[in-house]
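Please have a look at the model below, and then at my notes on it.

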Amino acid sequence: MLSRLVFVSANAVKSSGPLGAGLVQLSHLHTSPNSQAPVPALPEKGGKTRHGIIPEELFQLLYPKTGVTGPYMLGAGLLTYILSKEIYIINHETFAAACMGTVIIYGVRKFGPDVAAFADKLNEEKAQKAQEVKDLAMTSLAQAIQDEKKEQWRAEGRQMLFDAKRNNVAMLLETNRRERVHMVTNEVKKRLDYQIALQTLHRRMEQEHMVNWVEKNVVTSITPQQEKTSIAKCITDLKVLAKVQQAKATA
């Protein structure tokens with residue numbers, strides 16, 4: 001992946017000319033606003049390669065100057081130069097490395113697709129589990145949002161509840177005040193009724209005392225002769241009344 005980035009950047013520098021190459025060198029010395037930009041995410045799958053390890057960008061970079069055979073000639077010339085200058089000497093380790101590379105390539109070719117499918121399956125399972133966890137978290141968060149909205153709705157209705165409680169308290173206070181006023185009124189009425197009953201009792205006792213006194217004085221002022229005369233008069237009046245009643249009855 002790093003080699004691919006090198007080739008891509010080299011291609012960009014090639015297209016921009018000498019000025020672009022200078023800017024690339026200066027970018028290591030000076031900090032630009034673009035250096036603070038977030039690093040782009042790596043692609044999930046790699047780009048195209050030739051012969052398993054050589055990036056396609058290398059061939060695309062050399063095609064305009066060398067043609068189709070340029071990359072191959074570059075590789076063959078570089079290998080010839082390394083061997084002719086004895087920078088790399090062929091020995092038994094070379095044959096061992098070639099055998100190991102052949103075995104590795106054969107293993108990759110033979111078992112690579114199965115291993116890749118197994119790895120993809122594991123990745124899919126992990127992604128599925130992660131998605132399930134995400135869905136569960138989203139569901140719980142959505143439920144939490146709904147609960148929060150419900151609590152906010154209840155909090156809004158709490159003001160109405162407080163108003164109703166205030167009204168109830170005001171009604172209770174008014175009821176207690178009226179009960180106390182009624183109690184005071186009853187107590188005052190009782191005291192007034194007591195005063196009236198007391199005055200009535202005094203008046204009645206005075207009247208009874210006056211009647212008794214007058215009756216006593218009248219009785220003491222009557223003589224025995226007057227008493228006999230009044231009794232005889234009463235008897236005479238009774239006889240007259242009896243005759244009148246008998247006459248009415250016979251008529």
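Here are my points, from the whole chain down to single residues.

1. First, the ground rules. This is a predicted model, where local features need pLDDT of at least 70, side-chain atom pairs count only at pLDDT 80 or more, and totals for chains, interfaces and linings use all residues. Residues are numbered from 1 along each chain as its sequence is written, and side-chain values use heavy atoms, with hydrogens and water left out.

2. The overall make-up. The protein chain has five helices and two strands, and from the N terminus the order is α-β-β-α-α-α-α. Helices (H or I, at least four residues) and strands (E, at least two) are DSSP runs, numbered from the N terminus.

3. Burial and surface. Of the 251 residues in the protein chain, 4% are buried; buried means under 20% relative accessible area, exposed over 50%, and partly exposed in between (1.4 Å probe, protein chains only). The accessible surface of the chain is about 22600 Å², with 65% of that belonging to carbon and sulfur atoms. These areas come from the Shrake-Rupley method with a 1.4 Å probe; for residues, only the protein chains shown count as cover.

4. Contacts along the sequence. Taking contacts between residues at least 6 apart in sequence, 44% join residues at least 24 apart. Contact here means heavy atoms within 4.5 Å.

5. The α2 and α3 packing. Helix α2 (residues 56–66) and helix α3 (residues 70–84) pack at an angle of about 100°, and their axes are 8 Å apart. That angle makes α2 roughly perpendicular to α3, a label for 65 to 115 degrees. The α2 side of the contact is Phe59, Leu62, Tyr63 and Thr66, while α3 brings Gly70, Pro71, Tyr72 and Leu74. By class, that gives six nonpolar, two polar and no charged residues. The axes are lines fitted to C-alpha atoms, for helices over the stretch in contact, and angles run from 0 to 180 degrees between N-to-C directions.

6. Glutamate 56 has a relative accessible area of 17%, and its side chain makes a polar contact with the side chain of arginine 50 at 2.9 Å. Just past α2, glycine 67 takes a positive phi of about 85°.

7. From the loop into α4. Which residue has a positive phi although it is not a glycine? Glutamate 86 does, at about 55°. Glutamate 86 lies in the loop between α3 and α4 and is exposed, with a relative accessible area of 59%. Threonine 94, in helix α4 (residues 92–221), is buried at 19%. Leaving aside neighbours within four places in sequence, threonine 94 is in contact with Tyr88 and Ile89.

Conventions. Angles under 35 degrees count as roughly parallel, over 145 as roughly antiparallel, 65 to 115 as roughly perpendicular and the rest as oblique. Ala, Val, Leu, Ile, Met, Phe, Trp, Tyr, Cys and Pro count as nonpolar, Asp, Glu, Lys and Arg as charged, and the others, Gly among them, as polar. A polar contact is a pair of N or O atoms within 3.5 Å; within protein, one must be able to donate a hydrogen and the other to accept it, and residues adjacent in sequence count only if both atoms are side-chain atoms.
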